[in-house]
Amino acid sequence: MIAEIVITALLVIAGVFGLVGSWGLVKLPELMTRLHAPTKATTVGVGAVLVASMAEHWRTGGGISFHELLITLFLFLTAPVTAHFIAKAHLHRKVAPAELPATASGVPWAGQDGARPAGAPGAASAADRP
Amino acid sequence: MIPYALGFAIGCFALALALNLWQVTRAREVPDRVLALDTMVINVIALLVLYGIAAGTGIYFEVALLFALTGFLSTVAYAKYLLRGDVIE
């Protein structure tokens with residue numbers, strides 16, 4: 001009975017967090033704020049689903065299965081990496097180097113040290129070329 | 001009690017998937033679209049695991065694991081392409 005209540009609570013929490021994550025993705029105004037919603041809320045939602053799945057497997061007498069833990073671990077490891085990569089791509093394409101605060105080491109921000117894509121702020125235009 | 005919670009969670013994630021799809025179509029920038037697609041993959045993983053709970057089988061965990069792997073790799077490949085103009089240099 002207690003296991004049922006716990007699984008039910010986990011499933012409801014998972015649904016709410018998943019919905020909040022995707023709603024934030026639609027609602028928040030720009031990419032840098034929008035990154036927060038799926039990488040945090042949705043990851044918690046999926047984590048709760050996977051813990052609920054483990055508990056259900058245990059409740060129905062199958063013992064504790066560790067496959068779900070593997071998926072949870074993988075998602076928790078990869079969500080920050082994808083968020084970092086998307087933020088880097090955004091900085092590279094849309095933000096001029098002059099708009100960013102200075103880094104502590106004097107090395108430019110990631111994605112800002114090489115050639116700028118055509119059309120990005122701070123990119124060399126055709127008129128600048130010799 | 002659990003079937004109702006399962007229905008609620010599946011409904012929530014289905015609605016979340018629809019919102020992601022709308023975000024993919026209305027996003028103006030490519031990184032925005034990549035972010036929406038990545039969120040879609042995560043929501044599909046949740047739906048797969050929920051279906052696994054509902055069906056009472058363990059075979060969907062392997063599917064979800066493969067989905068997680070390919071989703072991560074495709075997002076990184078997209079971002080790498082946007083950053084460098086090339087995926088594998």
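Q: How do the axes of helix 1 and helix 3 of chain A cross?
A: They come within 8 Å, and helix 1 (residues 2-27) crosses helix 3 (residues 36-59) of chain A at roughly 160°. Axes here are lines fitted to C-alpha atoms, for helices over the stretch in contact, with angles from 0 to 180 degrees between N-to-C directions. Helices are DSSP runs of H or I, at least four residues, numbered from the N terminus.

Q: Before I go on, what are the ground rules on this model?
A: It is a predicted model, where local features need pLDDT of at least 70 and side-chain atom pairs count only at pLDDT 80 or more, while totals for chains, interfaces and linings use all residues. Residues are numbered from 1 along each chain as its sequence is written, and chains are lettered from A and ligands numbered from 1 in the order in which they are written.

Q: OK, now the two chains. How many residues of chain B are in contact with chain A?
A: 41 residues of chain B are in contact with 44 of chain A, contact being C-beta atoms, placed from the backbone, within 7 Å. Helix 2 of chain B gives the largest share of chain B's side, 15 residues.

Q: And what classes of residue are on that side of chain B?
A: 31 nonpolar, seven polar and three charged. Ala, Val, Leu, Ile, Met, Phe, Trp, Tyr, Cys and Pro count as nonpolar, Asp, Glu, Lys and Arg as charged, and the others, Gly among them, as polar.

Q: Which way does helix 3 of chain A run against helix 2 of chain B, parallel or antiparallel?
A: Their axes come within 9 Å and cross at roughly 15°, which makes the pair roughly parallel. Residues in the contact include A:Val49 and A:Leu50 from helix 3 of chain A, and B:Ala46 and B:Val49 from helix 2 of chain B.

Q: Switching topic: which residues touch the most others in the largest nonpolar core?
A: Of its 50 residues, those are A:Ala14, A:Val49, B:Ala9, B:Ala46, B:Val49 and B:Leu50. Helix 2 of chain B gives the most to this core, with 12 residues. A core is a set of buried Ala, Val, Leu, Ile, Met, Phe, Trp, Tyr and Cys residues joined through C-beta atoms within 7 Å, and buried means 20 or more other C-beta atoms within 10 Å of a residue's own.

Q: What is B:Leu50 in contact with?
A: Leaving aside neighbours within four places in sequence, B:Leu50 is in contact with A:Val49, B:Leu6, B:Ala9, B:Ile10 and B:Phe13.

Note on methods:
Helices (H or I, at least four residues) and strands (E, at least two) are DSSP runs, numbered from the N terminus. Two residues are in contact if their C-beta atoms, placed from the backbone, lie within 7 Å. A residue is buried if 20 or more other C-beta atoms lie within 10 Å of its own, exposed if 12 or fewer, and partly exposed in between; C-beta atoms are placed from the backbone. Angles under 35 degrees count as roughly parallel, over 145 as roughly antiparallel, 65 to 115 as roughly perpendicular and the rest as oblique.
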